[in-house]
Amino acid sequence: MNVPVPRDIPLPLPAPEELLEVLLIVSFIVHIVFVHMMLGGSLFSLFCQIKGLKQIEYERLAYKIAQTVTVNKSLAVVMGVAPLLIINTLYAPQFYASSALIGGAWMAVIPLVAVAFLLAYAHKFWWDRFVNIPELHIGIAALESALFLFIPLIYMTNVNLMLFPEYWPEVKGFFSAMLLPNVLQRYLHFVSAAILFSALFFVWWSGRPAFQAEVKLSQPLLQSVRRFFYAFAFGATIFQILSGLVVFVSLPAQGMSWGVTLLLFAGGGFGVPALYWMWGNLVNPDNSLDRHFSRIIVLFACTILAMAVARHQYREHALKDHKLAIAQKTANYMAAAADARQEAESAALAQQNEPVDPGEQAFQRNCAACHHINLPTVGPDMGEIRRIYAGDAKGLIRWTQNPGKKRENSMQMPGFPHLSETELQAIADYMLR
Ligand code: HEC
């Protein structure tokens, strides 16, 4: 297989590799949890706003949710800096390659994020201005959600492509990288995680006494809203487990190991008791949605941790050989560079010991700017001059002391009154040699 092996920049890491890996996993978890709540929040806000066309209470709910979106979005962005920098540090050659291969889309992240954020702010801050044009308001929310859905797809395409250097030669831009065989199922798995975690977040959030005071829902409506979120969390968990299995079977084998498999199944396994308790609460008519809530959260926290570690192990495993090949190539390059430096140094040393030709030196200083060895530049080249003055050093000296005007398309050559007879003789000897 034709696997491109780029050369690395031979610089030491700024911290021990293991520490960077731990920081990568931890900072990524924090980042992705806020991304989930941002994306899920914008989808729920849109959903509730549409429902609010018929039932006004949902419109108030949509507004409350929109207020969380901008906060979670800011946290997602700020918390995303660290993992992005660490990925760039630990996997520079691979991440650089995949980013370049989907370059247009990767660069588009910046304007897309900016537009999505502005839409999120417009959606939230101008809520009252849109009361009479709900279609426009919903359109803004829909566009915002669409962008929040699309941007992670670019990220996922990139971090997936960096894992498989064997695809690099055949990938032609973002869409072909996006259609690599395992990206879309990974993406669906991510979107359902966003729905799951944001739904759980809203179950907790709408259970606080302050929420009731702010949104002013009747008690039965509040209960049905919370059940609505709870049911979403439940359904998303089932989808999560099923799509997780699809992701598992479609992951290319080269990153797989027993450790990764174990972690993935443990992570999925934590979801099973969580599902069991959630189901119990949903079928129980006493509306006790908060029962076992902290246990469920702890289970899902374990799931996220297991998945994040598995994801990292998979990446390390998938890139193991490629990292070795890069290290080898970089070492070869460093050795060759050291050799070349050595060679250049000894050549310079040899030259220093050679007697210098005063004619050549004076020529370099005074004439070389306009007379090239074999290219006519400002003046004729050395070959032409040699043809004219072969065996006639005196003629050449005479010309230089008193240059005439010969060639129609040339400027007049300047005179050199500061050069002595001996220097001119040396230059002429050198030029006609
Ligand atoms: C600033 C540019 C410039 C520099 C510096 C310069 N020359 Fe020239 N040289 C010319 C040009 C232009 C011509 C062609 C002039 C013409 O044909 O009218 C020329 C022509 C010549 C010729 C050809 C004359 C012929 O009979 O056709 C010789 C020989 C020559 N230069 C020698 C020298 C020497 C020796 C030096 C250094 C001491 C020197 N030049 C430095 C611009 C330069």
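**From the loops to the ligand site**

Modeller: Lys216 counts as exposed, because its relative accessibility is 59% and the threshold for that class is over 50%. The model is a predicted one. Lys216 belongs to the loop that joins helix 8 (209-215) to helix 9 (219-250). Its phi is near 55°, a positive value in a residue other than glycine. Most residues other than glycine have a negative phi. His292 also has a positive phi, near 65°, and is placed in the loop between helix 10 (258-283) and helix 11 (293-353). With a relative accessibility of 24%, His292 is classed as partly exposed, since that class covers values between 20% and 50%.

I turn now to the ligand. Its iron atom is coordinated by NE2 of His371 and SD of Met413, at 2.1 Å. His371 sits in the loop between helix 12 (358-366) and helix 13 (382-389), and Met413 in the loop between helix 14 (393-401) and helix 15 (421-432); the pair therefore ties together parts that are 42 residues apart in sequence. The iron atom has 6 donor atoms around it, and because the angles they subtend run from 86 to 178°, the arrangement is octahedral. Such a result requires opposite donors to be over 155 degrees apart and all other angles to lie between 65 and 115. His371 has a relative accessibility of 12% and so counts as buried, the limit being under 20%.

The shell around the ligand has 23 residues, of which Cys367, Cys370, His371, Lys406 and Met413 come nearest. By class, the shell divides into 16 nonpolar, 4 polar and 3 charged residues.

Helix 13, helix 14 and helix 15 each supply at least two residues of the shell. Within helix 14, the buried residues are Ala393, Gly395, Leu396, Ile397 and Thr400. These buried residues of helix 14 pack against helix 13 and helix 15.

Technical notes: Residues are numbered from 1 along each chain as its sequence is written. This is a predicted model: local features need pLDDT of at least 70, side-chain atom pairs count only at pLDDT 80 or more; totals for chains, interfaces and linings use all residues. Side-chain values use heavy atoms; hydrogens and water are left out. Donors are N, O and S atoms within 2.8 Å of the metal (3.2 Å for Na, K and Ca); water is not among the atoms, so sites may look incomplete. Four donors count as tetrahedral if all angles lie between 85 and 135 degrees; four count as square planar and six as octahedral if opposite donors are over 155 degrees apart and all others between 65 and 115; anything else is irregular. Helices (H or I, at least four residues) and strands (E, at least two) are DSSP runs, numbered from the N terminus. Buried means under 20% relative accessible area, exposed over 50%, partly exposed in between (1.4 Å probe, protein chains only). Contact means heavy atoms within 4.5 Å. A residue is near a molecule or strand if one of its heavy atoms lies within 4 Å of it. Ala, Val, Leu, Ile, Met, Phe, Trp, Tyr, Cys and Pro count as nonpolar, Asp, Glu, Lys and Arg as charged, and the others, Gly among them, as polar.
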